[in-house]
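Please read them with the structure open.

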Amino acid sequence: MKNLVLGGIILFVLTGCTTTQKGTTAGTLGGAALGGIIGHQSGHGGQGAAIGGAVGALGGYIIGDKMKNKFCPVGGEVYDEEVKFCPTHGVELKYKEE
Ligand SMILES: [Zn+2]
């Protein structure tokens, strides 16, 4: 069970490529580690890691989503920090004003 969870996390790390996915992955790993510690102390390591992973994924998703702070002035689509030009409209992306 523990190996299965770990395998899933590794697969997720290898397949994730967008900033949101990276943030989610980081959150999942952090959450799983934290959950593992909590679970270990309460005698349910696997269960704790699974719960921690779910909580971490949610937190990481929010962090990852916040990294999408640029938008296309033509279509309004949002992009990651590292994208400079809109792949659809070919215009320079602008920073969101918050
Ligand atoms: Zn665009």
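1. Alanine 33 belongs to helix H2, which covers residues 19–42, in what should be kept in mind is a predicted model. Alanine 33 is partly exposed, because the 15 other C-beta atoms within 10 Å of its own fall between the limits of 12 or fewer for an exposed residue and 20 or more for a buried one. Across the sequence, the C-alpha atom of alanine 33 is separated by 7.2 Å from that of glycine 52, although the two residues are 19 positions apart along the chain.

2. On the overall architecture, the protein chain contains three helices and three strands, and these follow the pattern α-α-α-β-β-β when read along the sequence. Buried residues make up 20% of the 98 residues in the chain. Of the contacts with a separation of 6 or more, 42% are between residues 24 or more positions apart.

3. The three strands form an open sheet in the order E2-E1-E3, with antiparallel pairing. E2 and E3 stand at the edges and have a single partner strand each, so one side of each is left without a neighbour in the sheet. In general, the strands of a sheet pair through backbone hydrogen bonds, in either a parallel or an antiparallel manner.

4. Strand E1, residues 70–71, pairs with E2 in the antiparallel sense over two bridges. Within this pairing, phenylalanine 71 has valine 78 of E2 as its bridge partner.

5. Is lysine 84 buried or exposed? Lysine 84 lies in the loop that runs between strand E2 (78–79) and strand E3 (94–95), and lysine 84 is exposed because 9 other C-beta atoms lie within 10 Å of its own, where the limit for an exposed residue is 12 or fewer. Once neighbours within four places in sequence are set aside, lysine 84 is in contact with Glu92 and Leu93.

Definitions and conventions. Residues numbered from 1 in each chain as written. Predicted model: local features only at pLDDT ≥ 70, side-chain atom pairs only at ≥ 80, totals over all residues. Helix = DSSP H or I, 4+ residues; strand = E, 2+ residues; numbered from the N terminus. Contact = placed C-beta atoms within 7 Å. Pairing = 2+ DSSP bridges.
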